[in-house]
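Subject: Structure handover

Hello,

Here is the structure for your files, with notes on what was found in it below.

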Protein chains: 4
Amino acid sequence: MIKAGIVGGTGYAGVELLRILAMHPQVELSVITSRSEVGKPVSGLFPNLRNKVDLVFSEPDPVALSSCDVVFFATPNGTAMATTPALLDAGARVIDLAADYRIRDVAEWEQWYGMTHTSPQLLDEAVYGLPEVNRELIRNARLVANPGCYPTAVLLGFLPLIEAGLVDSDNLIADCKSAVSGAGRSANVSTLLCEASENLKAYGVSGHRHLPEIRQGLETAVGMPVGLTFVPHLTPMIRGLHATLYATQVTENDSLQRLFEDRYADEPFVDVLPDGSHPETRSVKGSNYCRISVHKPQGRDIVVVLSVIDNLVKGAAGQAVHNMNLMFGLEESMGIDSVALMP
Amino acid sequence: MIKAGIVGGTGYAGVELLRILAMHPQVELSVITSRSEVGKPVSGLFPNLRNKVDLVFSEPDPVALSSCDVVFFATPNGTAMATTPALLDAGARVIDLAADYRIRDVAEWEQWYGMTHTSPQLLDEAVYGLPEVNRELIRNARLVANPGCYPTAVLLGFLPLIEAGLVDSDNLIADCKSAVSGAGRSANVSTLLCEASENLKAYGVSGHRHLPEIRQGLETAVGMPVGLTFVPHLTPMIRGLHATLYATQVTENDSLQRLFEDRYADEPFVDVLPDGSHPETRSVKGSNYCRISVHKPQGRDIVVVLSVIDNLVKGAAGQAVHNMNLMFGLEESMGIDSVALMP
Amino acid sequence: MIKAGIVGGTGYAGVELLRILAMHPQVELSVITSRSEVGKPVSGLFPNLRNKVDLVFSEPDPVALSSCDVVFFATPNGTAMATTPALLDAGARVIDLAADYRIRDVAEWEQWYGMTHTSPQLLDEAVYGLPEVNRELIRNARLVANPGCYPTAVLLGFLPLIEAGLVDSDNLIADCKSAVSGAGRSANVSTLLCEASENLKAYGVSGHRHLPEIRQGLETAVGMPVGLTFVPHLTPMIRGLHATLYATQVTENDSLQRLFEDRYADEPFVDVLPDGSHPETRSVKGSNYCRISVHKPQGRDIVVVLSVIDNLVKGAAGQAVHNMNLMFGLEESMGIDSVALMP
Amino acid sequence: MIKAGIVGGTGYAGVELLRILAMHPQVELSVITSRSEVGKPVSGLFPNLRNKVDLVFSEPDPVALSSCDVVFFATPNGTAMATTPALLDAGARVIDLAADYRIRDVAEWEQWYGMTHTSPQLLDEAVYGLPEVNRELIRNARLVANPGCYPTAVLLGFLPLIEAGLVDSDNLIADCKSAVSGAGRSANVSTLLCEASENLKAYGVSGHRHLPEIRQGLETAVGMPVGLTFVPHLTPMIRGLHATLYATQVTENDSLQRLFEDRYADEPFVDVLPDGSHPETRSVKGSNYCRISVHKPQGRDIVVVLSVIDNLVKGAAGQAVHNMNLMFGLEESMGIDSVALMP
């Protein structure tokens, strides 16, 4: 059994991680910390975990965490980077669901996240935890930077096109629609039901922190700078993320459909839909799948890719457990193979 | 492995049954029928089942169904009663998620359901599949009448009070709030998103088909006629059912809290919340739990019980699989032990 | 033109008041205060008011407010009671949308609201602003206590029965379902979309502040103590309130339908639906109507009344403007006669 | 008073038209037809209209309709084209909310709508009813083709850029998100609450009927063929439409913000938000406004325009009444000047 610790389990990624790990046959939940809820049973905050998780929130304690085989950080940005060096030294492996180790360029990270990085020496070692790109590196990683929700859906949608050099990488557009849970569980007026329900809006058009993360992923794949316009939208639902991607095809190709099917033929969590399909976010609700379809409307040279994930699963906790499975040599889909809840 | 067949798998109870059975370690999905979708893959209609269920909808075929160990009917009322006698004769066992075998009094059934019962000879044999009442009978049943969603939540809430003779059974009130999936997956204007979202209404106040079913369950427990007012409401959500129950206490009692905890101490799927709690429907979303709390507001003699279930799981497909587990001697919670999806 | 001031216009009752008053032909919005938003344009916070309201939030200023003909308090409980005496002395009239002057018994008020009342001398003078009960008193009032949302829907539903002495007033049950906007616009985890959407729960079963307010209204009508069980529920929608009321009929009556129709025959904002109807909350969305129907299910002696309002209009801002119209001798329905938005 | 008739008032555009016309000070609702609801009171189907509209649905009767000053068609595509010639001959004026007269090229119309046009001789005379483009023509029109919801939001967003020749009109992208009411009030499984709530999907990527309508509007403005990619999405809300538009700037310009403000300076229903804003769909719920903002993210040459409308008001019934006001010389905003309902 793998002893797992969770730092910061009171947000939505945290409770989703708890839900998944509580059902994982090879994981023993060992410690969960939260400064604000110390001493309270986890199942008091999240009644869905009653009779399944009997842990109590504890103070973050380096000793307790160090004794874990793996520590997940489901914390705000800037928390993991403080404790991770000591945990790695103590022999634990770390999966950060926040952004601390996602951007390789420390200056760019500090600019977008508005703080000084306190363990930049780990940026080279940290592996970007997108299994469809870095599977082998993840297996051996001590430190995994779990991807953001938007980057996961956008990269999986663009990669087949970019890797094959089929589209103009100077002019990529990612129009993304996220559920409200992506904004977290903190008390904000803008995510109240009465503000966010029956409403839809773009936000962060001038610049969103997932922009450099997506750009880095694309540039790594294509080997040169790319031009990306990224517009996220807040949409009135709890879970789900839909990326609508636009690119201009510049090189001929027999079948985009086949390109996508071949690229993901061996991937357990990427499902390329039949030609002409439109994936629905609900088809992945509560599941670790990314479902994708590719279109070329009206015979023009604009390729449209539709890519959906559950932002809390494939976009956060599920992908983190996928990474853990790889890191510990377990079957990839162990504990994250459930069917989406529909309706 | 238990060979299972499903008749009528295109509604919401059907797809939920498919989701649960696809993950059940001791079930082999053998046949699924639907007159309207013959020849189509199940996963075409329900993309959440892609890569999990590769069955194709077939014509209802008595021979194929007869070869199953168990046949679930997830059909409109009046369908199961036609085929069940032959299936039982062929040695299959039957679980009907519709109402055909729920009411013991055939005249009452025919009045409420507006049709002639075609296999009334089975009404005596049929077991009402509420495990918390009929566990032992279910184990040996050939034919189980799976309870309705409202009756499940209402009976589990009233039973401890009624069985103990603590309340006036002449004046019971069940004010129930159901999600829209309770109305089924057929195309009706009244359940369109634009009609049912941002809206709440009572319906069927003059009489709802679950009224005689609840009354029968109460009368069986108390051994005499009861007086019940049942008002169902349609509420703007996909899943969930909240029963708010009112009864007048007529006999003193030390602790209603203890009464409820004792009644359900050994029940794997009834969770009595701590004193003073208010169960939320989302705490059981996608799970087979019923969560209950009991109150006596303001020290008056009115007892208020709050009881929540997922109408598609404990109120339909999950309870059906619970019954199957009992019928086939499996662990009760096998395949229905997942954690509710929250948020 | 009536000069109107609003204290505390940043909550949902406040913005609804602004919406209505901005379109009222006889009102000039003169001042709106908010400590937290001083200096900001109202339409910056509420973009629906762009081009309609060009006021800027100001510090609460007794002089500016005193120059108004009428001052509305859309503030938390306990705010109006501090300033109202001075405003009345200065000749302004006051409508309090909060609870400061709703309960005549100061001790009971202080117990339920947990604070000392600072202007109890006004409790005798204050008129409870339910036009269907106190129309004449409201016309001449200097100070109107605008009713709560639950009390409005419950009282309008029970009054015909209670006033006629038809039901047992010792055992009244009000099972109420409110939209989330009833919980206000402050940042709370429990009213986030991801917590309150796809969810339904009872709350405050042991005691809610609207209980004494409803009881006072019933006792005033019947002239003796009543026994009331009141259970509020939070339901996943923005606007709307549905009260389901249960009472035991003890005196014969020819037609409950006629009783209700007669009671409200001259009321501009109470609409008694045809026999057998079920009012929907959406049928009053954005409008000042209360729609009601009355049932006697199964020929038993339990009367069921269904009563719906928009909690922000008839349950708050609309009723406040109705009161203002009465106080200033305007046509009752002026400015609040719009049709509900449906769908 | 203008005598108005409505053909086909049982859909969402129809009931919205009824809501607006019922409050319009210069309109007398004279006749409303519906084959399916003949003899039923309008307020039976739409209880929000109780006490406001006492019309009864009647058979479509050319004589009754001919006596109207204006006839609105809120019918499926292909209905208006049959009756309009006779109505015009009889002296009535016609506003078609469907698509029959929107496309000038009859062959293109017949291809996209899959039927033969029965009154193509009127296509030249019909005025495309976008007041911000065709105000003067509308004033004198006998026949107005009311624009579709997507075309309204997209054209108003692109027009300032296109008319000024600032962007590459060969590569325009319109990523649009619509509420479910855009799909109409007919009973379809795909728009049930349980299918469309908590879900988001693109649809019609290979080609949507609003594509040629948008393209025609853009080509008329720019005077040459344009290249447009249009991807509509279904989003889980009742009302609202958000267009996110992408174009490549090819000509320098001092201030896009000023360009948009100048273009719409005199428009009563287009509101250009301050620089850096993100319009929300709820800010126009129930109102006739289009709110727009323009961005140039990251200093790159991609212009992003955000444009929101209520699909049933500015995208249908409100714009139709705006057109009527123009046609009959009334104040433009008469009867459609209400404030959006928020929250």
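Two strands are taken to pair if DSSP finds at least two bridges between them. Helices (H or I, at least four residues) and strands (E, at least two) are DSSP runs, numbered from the N terminus. This is a predicted model, in which local features need pLDDT of at least 70 and side-chain atom pairs count only at pLDDT 80 or more, while totals for chains, interfaces and linings use all residues. Residues are numbered from 1 along each chain as its sequence is written, and chains are lettered from A and ligands numbered from 1 in the order in which they are written.

Sheets

Chain A has an open sheet of seven strands with mixed pairing, in the order E8-E9-E7-E10-E13-E12-E11. E8 and strand E11 (270–272) of chain A each have a single partner strand and stand at the edges, so one side of each is left without a neighbour in the sheet. Within this sheet, strand E12 (residues 290–295) of chain A pairs with E13(A) in the antiparallel sense over six bridges. There, A:Ile292 stands opposite A:Ser307 of E13(A).

Parallel pairing is found in chain C, where strand E3 (residues 70–73) is joined to strand E4 (residues 93–96) by four bridges. C:Val71 has C:Val94 in E4(C) as its bridge partner. The chain passes from E3(C) to E4(C) through helix H4 (residues 80–89) of chain C, in a right-handed β-α-β crossover (right-handed if, with the strands pointing away from the viewer, the path from the first strand over the helix to the second runs clockwise). E4(C) also runs parallel to strand E6 (residues 143–145) of chain C, with three bridges between them. The bridge partner of C:Val94 in E6(C) is C:Leu143.

Domains of chain A

The domain assignment gives domain 1 (2–125) and domain 2 (150–311) of chain A; such bounds come from an automatic or database domain assignment. Taken over C-alpha atoms, the centres of domain 1 and domain 2 of chain A are separated by 27 Å. Domain 1 of chain A puts 10 residues into the contact and domain 2 of chain A puts in seven residues, where two residues are in contact if their C-beta atoms, placed from the backbone, lie within 7 Å. On the side of domain 1 of chain A that touches domain 2 of chain A, helix H5 (residues 106–113) of chain A supplies the largest share, three residues. That side divides into five nonpolar, two polar and three charged residues. For these classes, Ala, Val, Leu, Ile, Met, Phe, Trp, Tyr, Cys and Pro count as nonpolar, Asp, Glu, Lys and Arg as charged, and the others, Gly among them, as polar.

Chain contacts

Between chain A and chain D, 39 residues of chain A are in contact with 39 residues of chain D. Elements that each supply at least two residues of the chain A side include strand E7 (172–178), strand E10 (241–248) and strand E13 (302–309). By class, this side of chain A has 17 nonpolar, 14 polar and eight charged residues.

The same surface serves both copies, as 100% of the contact residues of chain A recur in chain D.

The contact of chain A with chain B takes 25 residues from chain A and 25 residues from chain B. Helix H1 (residues 12–23) of chain A gives the largest share of the chain A side, five residues.

Individual residues

A:Glu198 is not a glycine, yet has a positive phi of about 50°. A:Glu198 is found in the loop between H8 and E8 of chain A and counts as buried, with 25 C-beta neighbours inside 10 Å. A residue is buried if 20 or more other C-beta atoms lie within 10 Å of its own, exposed if 12 or fewer, and partly exposed in between, with C-beta atoms placed from the backbone.

The peptide bond joining B:Met342 and B:Pro343 is cis, with omega about 5°. B:Pro343 is in the segment after helix H11 (313–327) of chain B.

Regards
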